[in-house]
Structure formats: structure tokens, C-alpha cells
Amino acid sequence: MNWYDKLNQYFPIEEMKSKEHMELLLKDKGDIYHKDEGPHHVLMYVELDDFIFIDYLFVAKESRGQGLGKKLLQQLKEKRKPIILEVEPIDYEDTDTEKRQRFYRREDFTHASKIGYRRKSLATDKVNEMEILYWAPEGESEESVYENMKKTYNEIHTYKDKELYGKAYEDVTDVLTFQHDKDAITE
């Protein structure tokens, strides 16, 4: 089974980019968009100067619990940049969502509770709500995570969307929100 089929079999359609989209990112943005694959994993990620965004992390079912996911994350952590990813909220009828959240908590990822993320799927027209998790080696703020998520959305998620899907994704301001502290002074 090729790398895309592994991802497509594991991730919900609402979260998947098309194979053409990912191949175009690898070709056109190969300096920042990367694929790390092995017989039991696929890792798609973006690496910029100041952060890493994990687009997809797949570990084959037969290899889970053997430290492969931890090893892949450790390789990224060694770069000493904040790492950001999207994950489904816990659905108690889908035990995989709980296992994923627990895995990332064990790996010291924090839920960015001030960031809201609701994107309409071009494949299903269904609104998909995700949680943003991050690992911050230097204590980076949720606000910096938010700014980096906006950059990722604009440069990666919506890259050539009209050309690839026949329609555009929603504007970043309609997808990502940031809840400022209520007692913060506004200008």
C-alpha cells in the first residue's frame, strides 16, 4: 500500500488533502513540505525557520505501542522549534481519538485552548472542528501558535485550492479564531 493510501485509510475524508494536493506541495514547496515514510509510518510535515507543523502522522496499527510515534516526534523535537498539529476532539464512541490525545499529552503537547478551528470540508461540505495542540520548547505563547497556524493554513492547506478542488477554502479569518483574555486592554 502506498503512502497516500495509508493516510487515506486512516484519516477521515474531512481531514484529507487530495493526493494531487500533497504531491504538488512536495514538488512546489519541497523546501518546506516533507514526507518521511517507512514500512510502518507516514509523517507529512512543514518545517519553517520558526516552527514545525505536523500535517499527518500515521503509525500502522501493528506497530503502535512500540515507540515509533515517540521516536518520530523526538526527531522533530530535536530541532528545538515549536511543533503544532491538528487533532480531532475526543469522541468517546471512537477510542482512537482518545488514544491520540493521550499520546500527545504524554509527549508534552498542550491544547491551545484559546484557538478555535472550524473548517468546511471541500469533499463533504461538512464543518470540521479540530483542536490545535503544540509543543513549545521555549514556552512560546498561544498567540504565536495562532499566528503560525494562520501561516500554515494560508501557505499549505489552501495552496492552489481552486485549481485542485474547483473551489476555494474559506478565508483564514473565518476558520481560525483567537480568544483574547477578557481583561486584556484593547486599543
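A: In this predicted model, a network of salt bridges links K27, D28 and K160. K27 has a relative accessible area of 65%, so K27 is exposed. D28 is at 32% relative accessibility and therefore counts as partly exposed.

K167 forms a salt bridge with D125, with 3.9 Å between the closest N and O atoms. K167 sits in the loop between α6 (161-165) and α7 (172-175), while D125 sits in the loop between β6 (115-120) and β7 (127-135), so this pair ties together parts that are 42 residues apart in sequence. K167 counts as partly exposed because its relative accessibility is 36%. D125 is partly exposed too, with a relative accessible area of 46%.

The other pair lies within a helix. K150 and E147 are both in helix α5 (residues 142-157), three residues apart, which is about one turn of the helix. The closest N and O atoms of the salt bridge between K150 and E147 are 3.4 Å apart. K150 has a relative accessible area of 22% and is partly exposed; the limit for buried is under 20%, so K150 does not count as buried. E147, at 38% relative accessibility, counts as partly exposed.

The pairs described here are among the 14 salt bridges that the structure holds.

Methods:
Residues numbered from 1 in each chain as written. Predicted model: local features only at pLDDT ≥ 70, side-chain atom pairs only at ≥ 80, totals over all residues. Heavy atoms only, no water. Salt bridge = Lys/Arg side-chain N within 4 Å of Asp/Glu carboxyl O. Buried < 20%, exposed > 50% of the residue type's maximum accessible area, 1.4 Å probe, protein only. Helix = DSSP H or I, 4+ residues; strand = E, 2+ residues; numbered from the N terminus.
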